[in-house]
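Open the model in your viewer and keep the selection tool at hand. Each stop below tells you what to pick and what is there.

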Amino acid sequence: MRGKTLLAAMLLTGTMLTAGCDQAERTLFGKQSEADIKQTAYPERVYWGDTHLHTANSVDAFGFGNRLAPEEALRFAQGQEVTSTNGLKAKLDRPLDFLVISDHAEGLGSTKALYDAPRMMISDPQMLRWYDMMHKGPAQSVVAMGEILKARGNGTMPAALNDPVKGKERTAKIWRGHIDTVEKYNHPGKFTAFLGFEYTLMQGGNNLHRNVIFRDGGDKVGQIEPLDPTTELWPDKLYDYMDAYEQKTGGKVLAIPHNSNLSNGLMFMLTEPNGGPLTAASAKRRAAREPIVEITQIKGDSEAHPFLSPNDEFSGYGTAGWDKNNLLGTQPTKPGDYAGSYVREALKRGMQIEAKTGENPYKFGLIGSTDSHTSLATGDDNNFFGKHAGVEPNNHRAKDDFVPGANSGKMNWQSLASGYAAVWATANTRSALWDALQRREVYATTGPRMVVRFFAGWDFTSADLSGDWVKAGYTRGVPMGGQLAAKAGAKPSFLISALKDPIGANLDRVQVVKGWVDKAGQSHEKVFDVVWSNADTRKQAGGKLAPVGDTVDTATATYQNTIGAPTLTTVWTDPEFDPTARAFYYLRVLEIPTPTWVAYDMVRFKVALGAEIPLKQQERAYTSPIWFTPS
Amino acid sequence: MNWRNGAAHLLREPIVHFLIAGALVFALMSGRAPDLGERRIVVNEALVSRLANRWTESFRRAPSQEELDGLIAEYVRDQVYYREALSLGLDQDDEVVMRRMRNKMLALATSDVEAATPSDAELQKLIDKDPARYAAEVTYSFDQLYLGAESPAARAKAAEALKLLQAGQSADRFAQPAPIPSNYSQNAASDVAAVFGGPFADSLLGLPLGQWTGPVSSGLGLHVVRVAARSNPARPELEKVRQQVTNDWHNSARQRAEEAAYRKVLANYDVVIEQPK
């Protein structure tokens, strides 16, 4: 009897304790839960973020000198001032609305562990050498990391650094700490901190990397650990992991490939890894798992290449240097590789595969992100903290090799201060933003925050541009990322609107990039200038529009908004529409020329650089496509 | 455990190594010379098992007697060289040693902060220092008429449009086509800033309610504006912002701890800087 009472009392106390905890948790967090946040009926504003940021927990970021933890990364993204690894005060002009810290799962925290280890415990002479170099300071640390990356590429890493058992323990520990931090900084309605990691899939130095982003919080994501990559060509092991996560937790997860430009044609293949034609099952699985591709970042722009798009005079943006060889510089890139490396071609390939199999593996939306390894998500040219801690602002970074000692032919000045992800969501919460990524209602920019809308329908006219036209877009059409259902006897019309970044440059023009597949299965592309600034003086001749002009003064790294337009809008109907051909349409919005980050560096540090280094550029936005499939 | 706790934890693991080095550094930094007359090296049982355990951890098996003897001999060799090197001052001007010692001192100084829990009074103090940071955002309801990019002509049109609107008449004929609504209802300041730019959102704060005024400059150009309503955000309540303010407290406490620890030891030094002429 007494025992029973005691047990009952314990149970009761237990229950009360649990109830107490629930209450304590609500007040302890002292913030609204996602469920409390009001969602709008349709996306009314665009949210800005970075889906690809590394902190000192990334094996290479730490090696390159980064000493800033995820906490600093989150504070910086929220608009707080932080001190960079090299002691510079760093702050964003405007906060971001969301952030994904995507530290490399592979060797998570291992460079830091090496650094923190007692020196006497390191017996491998190579590791000892790197250990000492890292402790000597940033410059030596960068060289050490270059050697570590090279060793990884050549498969000559010291066994002790790759110890799987210790690595797993370390990963689990860091992952738990990371989840704690991210949960503390996730602030529904104000700032979304996603949980995620980078799956650094690589084959022979070819970049097949993916960022993995969870829709859920630590209660679900804490049940699993990030996945170590292998070396397969097609990320089936990652998809298995994603399936297993969703089955185990009831959560949701998606993956975003990046730097297809450094994949030597392997990112968007037409074939199965064994050489046969891509099957419907593979295509379907990939499309379901990878609804988004990162099209632009510091390591170049992957939209289009002049070799593939010779008639597009804007196709070479951010390709120089990155198109010479693969990520680790272990294999040269051949012209035949380009088609599998660039996004526009992939969108065309996807429709070709769909024509044969009924499934489109490359039906993806587009975002930009930084891939910064400094913990600082900087995407603006006048505030660019570089790819890693070794290239934070200094007077020589522009001229240095991208990876010191690698001799890859890629130079720092070829880096872009790019980019950000723009997401049309109904609230600033994990679920609302993630769902927008999943439905591809997103766009990429190379850094500037221009506001871009794109709807397709069958009956839009210029009258629709007045009044509540956004609502019309949603009710009578589909937004970017959508699929336009076929309609007999009509031509698709598009509602198009672009606003300049309110603290940035005017707009030059808006273009529609169209791709289609003809009856013979051949793919085609065409770029239409659909609305442009200074239209009274700028006319089209021979299918080309006169350039917008140039107000950049490189001596002072400034430009004037005396050319271009603050807003550009139009309703456009495809004059060459073929109701029997599969097609996609996406927007490319170009700014007027502005100084590159190198130009700002030259002024800031009073350095002279060679004439081969471009000091002006036209920054841009790429929207997710809208697809048309014949009935 | 967060990132820094992890570092502090790792740091504590090689406790002997750490204590010896730490004691020496403390002694050095507090201005007392270490007793280098200490010529006794004791490898006691505890140390031997620690060496053996570390081996086991690395190699996943226990060391043989021969291997253990080797570890002990290495330990003694390290100790002898370490002490001799210190007595010769070889640690001076060695960047590796200096940076390593500095990092250990920093981790020591901040390891307690990570685990600390601030009191409500401390958190409230932080809120009171910058209430705007923790308050809900101001929201605006306003009408705007867009006159295009900044130019003398646009300014002239703005003046005319303003006259009409103030007289209760339509000024739509001056409106430049733009994909922005003419009416905004209860939009947060950051939403307004995302489209019009921060300065425009700021300027709404100072405008009279219910009257057409302008022109007001935005990132897009010139507007005439009528602010219909402005929310007056309530004083932030600790319970609603506890997480945010706790994050901030930890962040600033860490910085303060680092700085205070440095100031404390710095006070024992005379720092003389002679700039080259």
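Start where two domains of chain A meet: 27 residues of domain 1 of chain A are in contact with 30 residues of domain 2 of chain A. This is a predicted model. To colour the two parts, select 59-120 + 128-438 for domain 1 and 450-628 for domain 2 of chain A. Their centres, taken over C-alpha atoms, are separated by 27 Å.

Stay on the domain 1 side of this contact. Which element gives the largest share of it? Select helix 11 of chain A, which supplies seven residues. Helix 11 spans 343-357, and strand 13 of chain A also supplies at least two residues to that side. Now colour the side of domain 1 of chain A that touches domain 2 by class: 13 residues are nonpolar, five are polar and nine are charged.

**Next: a sheet in chain A**

Follow strand 13 into its sheet. Three strands of chain A form an open sheet in the order 12-11-13, with mixed pairing. Strand 12 (300-301) and strand 13 (365-368) of chain A are at the edges; each has a single partner strand, so one side of each has no neighbour in the sheet. Select strand 11, residues 292-297 of chain A. Strand 11 pairs with strand 13 of chain A in the parallel sense, over four bridges. Which residue of strand 13 stands opposite Glu294(A)? Pick Ile367(A).

Centre the view on Phe494(A). What does Phe494(A) touch, leaving aside residues up to four places away in sequence? Its contacts include Phe454(A), Phe455(A), Ala456(A) and Phe460(A).

**Next: helix 14 of chain A**

Return to chain A and select helix 14, residues 597-605. Its buried residues include Trp597(A), Val598(A), Ala599(A), Tyr600(A), Asp601(A) and Met602(A). What do the buried residues of helix 14 pack against? Select strand 26 (594-595) of chain A. Then step just past the helix to Lys606(A), where phi is positive, at about 50 degrees.

**Next: chain B**

Now switch to chain B. Colour domain 1 as 3-115, domain 2 as 117-134 + 234-277 and domain 3 as 137-230. Where domains 1 and 2 of chain B meet, seven residues of domain 1 are in contact with eight of domain 2. On the domain 1 side, helix 5 of chain B (residues 95-115) gives the most, with four residues. By class, that side of domain 1 of chain B has four nonpolar, three polar and no charged residues.

Of the 631 residues of chain A, 54% count as buried. Among contacts in chain A between residues at least 6 apart in sequence, 75% join residues at least 24 apart.

How values were computed: Residues are numbered from 1 along each chain as its sequence is written. Chains are lettered from A and ligands numbered from 1 in the order in which they are written. This is a predicted model: local features need pLDDT of at least 70, side-chain atom pairs count only at pLDDT 80 or more; totals for chains, interfaces and linings use all residues. Two strands pair if DSSP finds at least two bridges between them. Domain bounds come from an automatic or database domain assignment. Ala, Val, Leu, Ile, Met, Phe, Trp, Tyr, Cys and Pro count as nonpolar, Asp, Glu, Lys and Arg as charged, and the others, Gly among them, as polar. A residue is buried if 20 or more other C-beta atoms lie within 10 Å of its own, exposed if 12 or fewer, and partly exposed in between; C-beta atoms are placed from the backbone.
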